[in-house]
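The sequence and structure come next, followed by the description.

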Amino acid sequence: MEPNGITSGATDAVAPRKNGREARSRKKKYSTGNGHSSSGSIGGNIANEACDSGDIRRSDRMAMRKKRVVRSKARKSSQGGRSNVMVLCLISAAIFALYLLVCLIFFHNLPGGDGRGMKGLVKRTKEKVSQFRAKHSIGNIKLAEDVRDENEEEEVAAPKGPAPVGRWPVSIRDEDGAFEEIKHPGFPDGHVTMLVPRFWAEDPVAIHENKLMSRERALSIGTCITPDPKTGSNTRGDECPLNERTIFVAIASYRDWQCVDTVTSIFSAATHPERVRVAVVDQIVDGEDGSCDVPRAPCATDPNQPICLHKNQIDVYQMEAELAVGPVFARHIGHRLYRGEYYSMQSDAHVSFTKGWDVDIISQQEATGDELAVLSTYLTDIVGSIDPQTGLSLRKTRPIMCNTEYEGGAQGKHLRHLSQPEGIPDIHGMPQLQPYWAAGYSFSRGHFVATVPYDLYQVKYSIFCHPMCNRPAMPNPTHVLNSSGRSQILLKWISSYMDMSADDLPSEEMSIGLRGFTIGYDFFAAREECLLYDLYQPMIFQGEEMSIGLRGFTIGYDFFAPGKSVCFHSYAKGKNAAARNKVPHFWENSDKFKGTGVAAMKRLLGIVNMNPEVERSEWNHAEEARYGLGGARKTSKFYELYGIDVRKKTTQRHLCQFVRGKMHNMFMAHLRSDGMGIDYSGVDYKWVDPRPNDP
C-alpha cells in the first residue's frame with residue numbers, strides 16, 4: 001500500500017531501461033466522488049490500453065524505418081546508374097569527335113585540286129543548288145523555299161550599320177545563294193529577271209547621312225591585307241601601310257577579246273598584285289567568246305600566268321550578251337561586286353597598265369591630301385605610250401576633263417563631254433583639280449563606290465561613238481558609195497532601226513548626218529572630230545558621267561586629273577583599228593530595247609536638277625535615295641562655279657582656260673583641315689567666258 005491510499009496502478013509506471021534510455025508511458029489519473037484519486041478497474045484498463053498502443057507505435061516506427069532504408073538504397077542505386085550512363089555518353093561523344101576530325105583532315109588533304117576532298121564536295125553541292133535555283137527562277141516566279149528563306153531573313157535580320165565590316169580575302173563566290181533578284185531594266189514589264197550580287201553597303205545614305213561624311217566614318221571603310229595584330233580586324237583606316245591597302249578593280253566587258261589581256265596586265269604590272277581584286281561583268285555569247293578569267297594557255301600547261309597565280313582574286317559575273325543594254329547597266333552590276341576594299345578603280349576592258357601602276361596611282365591619290373579625291377580622265381591611246389622593255393610610261397602629258405557643252409535632240413538637251421585637252425601638267429607633285437568625272441578611268445577611296453553607285457534605272461540604249469571619236473556610232477547598213485543611195489539608206493535606217501522619223505531630228509543634225517553619211521562616213525561622234533553626234537538619244541557615256549559626277553559633288557567628292565597616266569587605252573584607230581573593229585558592240589541586240597532612252601534621260605536630268613522645265617511627276621523616282629544626291633553641297637553651286645545655265649541650256653565656254661590656270665590653286669586653298677573635301681561655302685566664284693566670240 002502506497003501513501004495517500006493510492007495504489008501502484010495509479011502512479012507513473014517506470015519501465016526497465018532499454019538501450020540505456022528510460023521509456024515512459026503516462027497514465028491518466030481520475031478523481032473519485034470522495035475526493036480521492038483512484039484508478040480502480042478503469043485505471044487498470046487504461047494502463048493496459050496505453051501499453052498496447054505503445055507497442056503498436058513502436059512497430060509502426062520500425063516498419064517506416066525499414067521503408068526509408070529501402071528507399072535510400074534505391075536512390076543510391078539509381079544515382080549510380082545515371083552516373084554510369086553519363087560517363088558512357090561522354091566517352092562515345094569523344095570517340096565520335098575524334099573520328100570526325102580524322103575524316104575532315106583526310107578529305108581535306110586528298111590530292112586532285114579543288115574538285116576533290118571536302119572542299120570540292122561542298123563546292124559542287126553549292127553549284128548544283130545554284131544551277132537548280134537559276135533554272136527554276138523564271139520571270140517573277142520564285143521557288144517556295146526561296147520565298148520562305150527571304151521571309152525568315154526579314155524576320156530575324158539584325159539592324160544594319162552604315163557599312164559592313166570589311167574582310168580580306170573576299171569573293172562573291174562565297175555568297176552563292178545570297179544573290180538578289182532584280183528586274184532587267186530593258187524590259188519595263190518586268191518579265192525578265194536576273195540574279196545579281198547584293199550591294200556591299202545596302203544603304204548609301206546611312207554612310208553619308210545626307211551631310212558631309214566624317215573622317216572617322218570614311219576611315220571605317222577600306223580593308224588591309226594584314227589584319228590588326230591587336231583586334232584581328234582587316235579594317236585599319238589610315239594605319240594600314242600603303243603597300244597593304246587593297247584595291248578593287250571594276251571592268252565592264254562586252255564580247256571583248258582583249259579583256260583577258262587587261263586582267264593579265266593588271267596583275268603582271270602591279271608591284272603588289274596580292275592586294276588587288278578584279279571584278280569583271282563579262283557579257284558574252286557562251287561558246288563563241290572567251291571568258292575574261294580564262295588565260296591564253298591552260299593553267300595546267302603554264303601555271304605561272306598571272307591569271308593562274310591570282311585566280312582567287314578574280315570575280316567574273318557572266319551575263320548573256322543578248323541582255324546587254326550598254327555600259328551603264330554592266331557597271332551598275334560591277335559596283336555590286338565591291339566588297340569593302342580600301343581603293344576602287346574603274347577601267348575599260350581594253351587597257352594596258354604601266355609597271356608599278358598600283359604604287360604610282362596610290363601615291364598620286366595620297367598626294368592630294370583629300371580623303372574625298374577621285375582621280376579620273378579619258379585615257380590616252382596605247383600606241384607609243386609604254387616602253388616595251390621597261391613597262392614604264394613614255395608620256396609626259398596627260399588629259400584633263402574641262403570641255404563640255406549642251407547638245408540633244410528629241411529627248412531633250414543634256415551636257416556632253418567633248419574631246420579633252422592633253423598637255424604637260426600645270427600642277428606638279430600632285431594631281432590637278434578638275435570639274436568633271438570620266439567613266440573610262442576612275443581611281444578613288446572605296447567609299448566612293450559605296451556612296452555613289454551606278455543607277456539601275458538610268459539604263460538606256462545608245463549606239464553612238466566614244467568622245468575620242470574612235471568607236472562606231474551605228475552599224476554600217478551598207479557600203480554603197482552612191483550619194484543618193486546612201487541618203488535613202490540612212491533615212492530608212494532612222495525610221496526603222498531607231499523607230500523615229502527624219503522630221504524628229506533637228507535640221508542641223510540632219511544636215512550634218514546626211515552629208516557625212518553620203519560621202520562615206522560610217523561612224524560619228526563629237527562635232528569637232530566627226531559629223532553626226534546625236535540621232536536617237538544621249539550617248540550612254542555622257543549620261544552616266546554627268547550623273548556620277550554631280551551626285552559625287554553633292555556628297556563631297558572632288559575630281560582630279562592624274563599627274564601622269566598609269567594605263568592606256570586601245571582605240572580602234574591606226575594600227576589597232578582592224579583588230580578592235582572586229583569586237584562586236586552591244587547595240588547588235590538593239591531591237592529588244594527600243595524606247596528606254598527618253599525615260600532614262602528624264603530621270604538622270606531630274607535627279608541632278610538639270611531639267612527644271614520638266615514636272616517631277618514625269619520621271620521615275622524609284623530608289624531615288626540610293627541613287628540620288630547628297631547633302632554636303634548643292635548642284636546649284638556646281639552650275640554656278642562652272643558657268644552652266646540649266647534653264648537656258650547654255651554653258652560659258654573656254655572653261656579649260658580657267659581649269660588649266662587658276663582653278664586648282666584657288667579652290668584647293670579651301671581644302672578642309674581634316675582632308676574631308678573642299679569647303680565651297682567660302683568660295684565666291686562664277687566662271688564667265690572671257691572670249692565669247694571666239695570659237
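Val87, Ile91 and Ile95 make up a nonpolar surface patch with about 270 Å² of accessible area together. Patches are made of residues with over 30% relative accessible area and no salt bridge, with like charges joined within 9 Å and nonpolar side chains (Val, Leu, Ile, Met, Phe, Trp, Tyr) within 5 Å. A salt bridge is a side-chain nitrogen of Lys or Arg within 4 Å of a carboxyl oxygen of Asp or Glu. Areas come from the Shrake-Rupley method with a 1.4 Å probe, and for residues only the protein chains shown count as cover. Val87 belongs to helix H1 (residues 40–108). An α-helix has 3.6 residues a turn, so residues three or four places apart point the same way.

The model is predicted: local features need pLDDT of at least 70 and side-chain atom pairs pLDDT 80 or more, while totals for chains, interfaces and linings use all residues. Residues are numbered from 1 along each chain as its sequence is written, and side-chain values use heavy atoms, with hydrogens and water left out.

Helices (H or I, at least four residues) and strands (E, at least two) are DSSP runs numbered from the N terminus. Buried means under 20% relative accessible area, exposed over 50%, and partly exposed in between (1.4 Å probe, protein chains only).

| Residue | Relative accessible area | Class |
|---|---|---|
| Val87 | 43% | partly exposed |
| Arg167 | 45% | partly exposed |
| Trp437 | 2% | buried |
| Tyr454 | 2% | buried |
| Ile555 | 1% | buried |

Arg167 sits in the loop between helix H3 (144–156) and strand E5 (180–183). Neighbours within four places in sequence aside, Arg167 is in contact (heavy atoms within 4.5 Å) with Thr223 and Asn234. Between Arg167 and Glu341 there are 174 residues of sequence separation but 8.4 Å in space, C-alpha to C-alpha.

Ile555 is part of helix H13 (residues 540–555). Not counting residues up to four places away in sequence, Ile555 touches His208, Leu212, Thr451, Val452, Gly630 and Ala632. Helix H8 (residues 327–336) is mostly covered, with ten of its ten residues buried; among them are Arg331, His332, His335 and Arg336.

A nonpolar core is a set of buried Ala, Val, Leu, Ile, Met, Phe, Trp, Tyr and Cys residues joined through side-chain atoms within 4.5 Å. The largest has 76 residues, of which Trp357, Met610 and Phe667 touch the most other members. Helix H17 (residues 655–668) gives the most to this core, with seven residues. Another core, of 45 residues, lies apart from it and includes Val196, Trp200, Leu323 and Ile548.

The whole structure holds 18 aromatic pairs. Rings of Phe, Tyr and Trp (its six-membered ring) pair if their centres lie within 6.5 Å; planes under 30 degrees apart count as stacked, over 60 as edge-to-face and the rest as tilted. The Trp437 and Tyr454 rings have centres 6.5 Å apart and planes at 65 degrees, so this pair is edge-to-face. Trp437 and Tyr454 are 17 residues apart, and their pair links distant parts of the chain. Phe553 and Phe638 form another edge-to-face pair, 5.2 Å centre to centre with 70 degrees between the planes. Their pair links helix H13 to helix H16 (residues 635–641) across 85 residues, and both residues are buried. One aromatic cluster includes Phe553, Phe638, Phe658 and Phe667.
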